[in-house]
Amino acid sequence: EMCIRDSPTTIAHCFKLFSNMFNFAKLEEILKENPCDYIDKKPTEQPEEKEYFTLEEMDYVKELLMNSNIRLKTAIFLTMDTGCRREEIIGLTWKNVDLENKTIDIKDAVVSTSTKAPLKHERVRKKGVKSVHSDRKIGITNVCVELLTQYKNFKKDSGLRVKDSDYVFTNWDSNKVWDPNRFTAEWNTFRKENNIKKKVTIHGLRHSNATFLLSIGVPKKDVAKRLGHTPEVLDRVYTHSSEEEDKKMVDKIEKNFYGNKSSSFSTYAITSIIAGYVDNCLLYT
C-alpha cells in the first residue's frame, strides 16, 4: 500500500514494477493488454535536491550536540558518521553492535506505522532492510564507540537490564524501541533550539555523509557499499558538486598552477576557467 507522502521516485518505481508484472502476464497470455500503457501521464523519477551540511557545519552541529541528552547525541553522531538510514539506526540491536571491533551490522529496520494510530496499537513495526545491498557490516568511529558505551552504561545505571536482543535506541523508561517519528521530532526541536537555519532532515544527515565522502575522493563503489546503495543509485541521487569538492578543486589549481607565481588569480577567475568562460579583464587581481 502506497502512502500519499511517498516520493515521486518511489511511486515511479512502483509503477514500473506493476508495468513489468502486466507485461509478464501478457507474455504468459494471461492478459491481452498492459493496463499501464493507457496511463497518459506516467510517473517519472524526480530526484529532489536535499539540504545537507558541509563538513564545517557538521563539526558545529556535533559541538552543539555535546550539550544534548545521551540518546539523541548518540543517534545523531551515528547517523552523521555512518550515513545510515533513520530506520536502520532505530533498527539496531545490541547484538548488531560490536564495540570491540568497532563495527555495526545493518540487518533490520524499524519504521513508524502512523502518528495517528491509537495508543493501544503499535505505532512502529520491524521490517527487513531496503534491499539486498542494505544488509551490510560497516565500521564506526571511536567517538561513536565511546558514545554507545556511555549510552549503554547510562541505561544500566537507570536500572534497565540491557540484553543483546534489545534495541539500542529505546524509550527512557523501558527497552521498547524508540519511535522513528519521535526521533525526527527531537532532531527538529534540537535544530530550532539551536537556531540551525538549514532544514536538514535526518535523511539529510545521510546525504551530508555521502557528499562528504565523495568530496574527499572516496571511490563511489566504496561509498555506495557503506551506504547500502549501488553505484548506479549513487550516481542518480548525488549528482551535485558539493561545496567542499569545489573548494578543494580550486585549492589544488591555485597550489599546482599558481603557487609560485608573483601575480595571483582571483577565485572568481579560476572558477570561470573551470566553467569555460574567461573574462580577461577580471583574470588578475
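**Note on the predicted model: salt bridges, cysteines and confidence**

1. Lys137 is exposed, with a relative accessible area of 55%. In this predicted model, Lys137 forms a salt bridge with Asp105, and the closest N and O atoms are 3.2 Å apart. The pair joins distant parts of the chain: Asp105 sits in strand 2 (residues 103-106) and Lys137 in strand 5, 32 residues apart. Asp105 has 19% relative accessibility. The cut-off for buried is under 20%, so Asp105 counts as buried.

2. The structure holds eight salt bridges. One of them pairs Glu88 with Arg136 at 2.9 Å, N to O. Glu88 lies in helix 4 (residues 86-90) and Arg136 in strand 5 (residues 136-139); 48 residues separate them. Both Glu88 and Arg136 are buried. A network of salt bridges links Arg85, Glu88 and Arg136.

3. Asp222 and Lys221 also form a salt bridge, with 3.2 Å between the closest N and O atoms. Asp222 is partly exposed at 33% relative accessible area. Lys221 is exposed at 56%.

4. The whole structure has zero disulfides. For Cys144, the closest cysteine sulfur is in Cys84, 9.7 Å away, so the two are too far apart for a bond. Cys144 is buried, at 2% relative accessibility. Cys36 is buried too, at 6%.

5. Leu17, Phe18 and Met21 make a nonpolar surface patch of about 310 Å². Leu17 belongs to helix 1 (residues 8-27).

6. Now confidence. The chain's mean pLDDT is 80, and 74% of its residues reach 70 or more. Residues 117-121 have pLDDT below 50, and this stretch has two contacts beyond near neighbours in sequence. Residues 280-285 are also below 50, with 14 such contacts.

How values were computed
Residues are numbered from 1 along each chain as its sequence is written. This is a predicted model: local features need pLDDT of at least 70, side-chain atom pairs count only at pLDDT 80 or more; totals for chains, interfaces and linings use all residues. Side-chain values use heavy atoms; hydrogens and water are left out. pLDDT is the predictor's confidence in each residue, from 0 to 100. Contact means heavy atoms within 4.5 Å. Patches are made of residues with over 30% relative accessible area and no salt bridge: like charges are joined within 9 Å, nonpolar side chains (Val, Leu, Ile, Met, Phe, Trp, Tyr) within 5 Å. Accessible areas come from the Shrake-Rupley method with a 1.4 Å probe; for residues, only the protein chains shown count as cover. A salt bridge is a side-chain nitrogen of Lys or Arg within 4 Å of a carboxyl oxygen of Asp or Glu. Helices (H or I, at least four residues) and strands (E, at least two) are DSSP runs, numbered from the N terminus. A disulfide is a pair of cysteine sulfur atoms within 2.5 Å. Buried means under 20% relative accessible area, exposed over 50%, partly exposed in between (1.4 Å probe, protein chains only).
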